[in-house]
Each structure stands twice: as structure tokens, then as C-alpha cells.
Amino acid sequence: MAEKQPHLNGAYYGPAVPPPSQYYHRHGSSRGCGCCGCLFSLLFKIIVSVVIVVGLAVLIFWLIFRPNRVKFHVTDASLTQFNFTTNNNTLHYNLSVDISVRNPNKKIGIYYDRIEARAYFEDQRFSTVPLPPFYQGHKNTTFLSPVFKGQTVVLLGADELSELNSDKSVGVFDVEVKLYLRIRFKLGKVKSWRMRPKIECDLKVPLSSNGKVAGGFQTTKCHIDF
């Protein structure tokens with residue numbers, strides 16, 4: 001029988017081996033993170049591709065058809081009553097407005113699915129009038145004639161009352177008319193998605209009393225805000 005060597009105690013311990021479960025757990029976690037990274041990378045590439053395609057389509061559409069902006073003008077406005085009662089904060093008004101809507105495009109029609117006209121004085125809305133929807137063809141001019149008539153409670157501060165008295169002394173009132181629209185464009189048989197532009201018209205409307213007008217109204221261009 002071989003003799004035991006004196007420097008050995010009968011037991012031998014090799015290098016430590018990590019548990020299998022721990023090794024596979026780490027390997028699986030790393031793989032999961034890699035898959036998530038691939039998924040986000042693929043999603044980012046798809047989004048970039050869609051943006052590029054849509055941008056090119058819009059550019060090609062513009063280069064081919066060169067769409068022109070629709071033009072809104074207030075051609076006439078008449079104010080026969082604009083009195084404010086301080087006791088009950090009631091405004092009595094009678095305002096008529098004529099608005100021309102010009103579509104200058106040769107190949108693009110416009111669906112006006114919803115039209116709402118609102119009248120303001122010193123940022124205080126005092127009347128809202130719905131207008132009938134319509135379709136506007138190529139190179140066509142359509143006229144809208146909202147009438148704001150009635151009475152409503154309006155809260156005017158000291159500055160607003162001072163402006164009202166100043167306008168009354170001159171006989172010309174600063175009134176703002178806004179159009180809130182829902183429109184679609186039509187090119188051939190293709191219709192666009194609905195858009196909601198806002199048309200803003202800052203007016204100086206003379207007050208007429210007993211057939212006498214303080215001053216003539218001048219045609220005013222409106223601004224379009226998308």
C-alpha cells in the first residue's frame with residue numbers, strides 16, 4: 001500500500017464551479033436585454049421610414065399641385081346696436097357681417113363640414129352663430145353672412161368699459177369675428193383628413209343710427225391659424 005504523503009491531509013478541493021442555475025439565469029437575462037434592444041431598434045427604423053415616406057409624399061404633392069392658401073375677407077359689416085347696461089352687465093347688440101371665402105386652387109376642392117362664427121369685444125365672446133356646411137369647388141368664391149343679434153351678460157372690467165366708452169364717442173367699435181372650421185380637401189376622388197383651422201378677423205365697425213353711419217367700413221383681410 002502506498003504511503004500517504006505528509007503534505008496532504010486526505011482531502012482535495014478543486015476550483016469553485018458556479019451553480020448551473022446562476023449561470024443560466026445570467027445568460028438568459030443578457031439575451032432578454034439583447035432582444036429588447038433589437039425590438040426598439042426595429043421600431044425606431046420603422047418610424048423613421050414612415051416619416052420619410054410621408055414627407056416625400058407631401059413634398060411631391062406640393063410640387064405637382066402647388067396648393068394656394070384659401071383667402072378670407074370681410075367685405076362689409078354693419079352695427080346697428082351696441083349698448084351695455086352696467087346695472088346687470090348686459091350687452092345688447094345687432095351685428096351683420098359679410099365674409100368672402102376664395103378658393104384659388106385649380107384642382108383642389110374644399111368640404112366645409114362645420115362652421116361656427118363667434119363675435120368678441122375686448123376678448124369677451126358675446127355671440128355664437130352656426131353656419132350651414134357646404135362644398136367649395138375649384139377657383140370659387142363663396143359668401144358667408146353671419147348675423148349676431150340679441151343680448152347677453154358680459155363681464156367688463158374698468159379697462160374694457162373705458163374702451164367701450166371711447167369707441168362709443170368715436171362711433172366705431174373694435175369687434176373681432178372668428179370662424180371655427182372643420183374642413184377636408186378633395187383632390188380627384190381622394191379626400192384628406194379633417195382639419196380645424198381658425199379664422200380671425202379684427203374689425204372696426206361703424207355704428208349706424210337712424211340710417212346714419214359714422215364712417216364707411218373698409219374691407220378687412222382675415223388671418224388663418226392652423
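Predicted model: local features only at pLDDT ≥ 70, side-chain atom pairs only at ≥ 80, totals over all residues.
Visitor: Aspartate 113 forms a salt bridge with arginine 194; how far apart are the closest N and O atoms?
Guide: A salt bridge is a side-chain nitrogen of Lys or Arg within 4 Å of a carboxyl oxygen of Asp or Glu. For aspartate 113 and arginine 194, the closest N and O atoms are apart by 3.3 Å.

Visitor: How many residues apart are aspartate 113 and arginine 194?
Guide: Strands (E, at least two residues) and helices (H or I, at least four) are DSSP runs, numbered from the N terminus. Aspartate 113 is in strand S3, and arginine 194 is in the loop between S9 and S10.

Visitor: Which residue forms a salt bridge with aspartate 113 at 2.7 Å?
Guide: The closest N and O atoms of this pair are 2.7 Å apart, and the partner is arginine 184. The pair ties together parts that are 71 residues apart in sequence, because aspartate 113 lies in S3 and its partner in S8.

Visitor: Is arginine 184 buried or exposed?
Guide: Buried means under 20% relative accessible area, exposed over 50%, and partly exposed in between (1.4 Å probe, protein chains only). Aspartate 113 has 24%, so it counts as partly exposed. Arginine 194, at 53%, is exposed. Arginine 184 has 17%, so it counts as buried.

Visitor: How many bridges join S3 to S8?
Guide: Two strands pair if DSSP finds at least two bridges between them. S3 (residues 109-121) and S8 (residues 172-187) run antiparallel. Arginine 114 has arginine 182 as its bridge partner in S8. The number of bridges joining S3 to S8 is 11.

Visitor: Which residue in S10 is the bridge partner of tyrosine 180?
Guide: S8 also pairs with S10 (residues 198-206), antiparallel, over nine bridges. In S10, the partner of tyrosine 180 is lysine 198.

Visitor: Which aspartate meets lysine 204 in a salt bridge?
Guide: The N to O distance is 2.8 Å, and the partner is aspartate 174. The pair links distant parts of the chain, with lysine 204 in S10 and its partner in S8, 30 residues apart. Lysine 204 is exposed at 54%. The partly exposed member, at 27%, is aspartate 174.

Visitor: What is the phi of glycine 188?
Guide: S8 and S9 (residues 190-191) pair antiparallel over two bridges. Lysine 186 stands opposite lysine 191 in S9. Two residues lie between the strands of this hairpin, where glycine 188 takes a positive phi near 65 degrees.

Visitor: Where does lysine 139 lie?
Guide: Lysine 139 is not a glycine, yet has a positive phi of about 45 degrees. At 43% relative accessibility, lysine 139 is partly exposed. Its place is the loop between S5 (134-136) and S6 (140-144).

Visitor: What phi does aspartate 123 have?
Guide: Aspartate 123 lies in the loop between S3 and S4 (124-131). At 67% relative accessibility, aspartate 123 is exposed. Its phi is positive, in a residue other than glycine, and near 65 degrees.

Terms used
Residues numbered from 1 in each chain as written. Heavy atoms only, no water.
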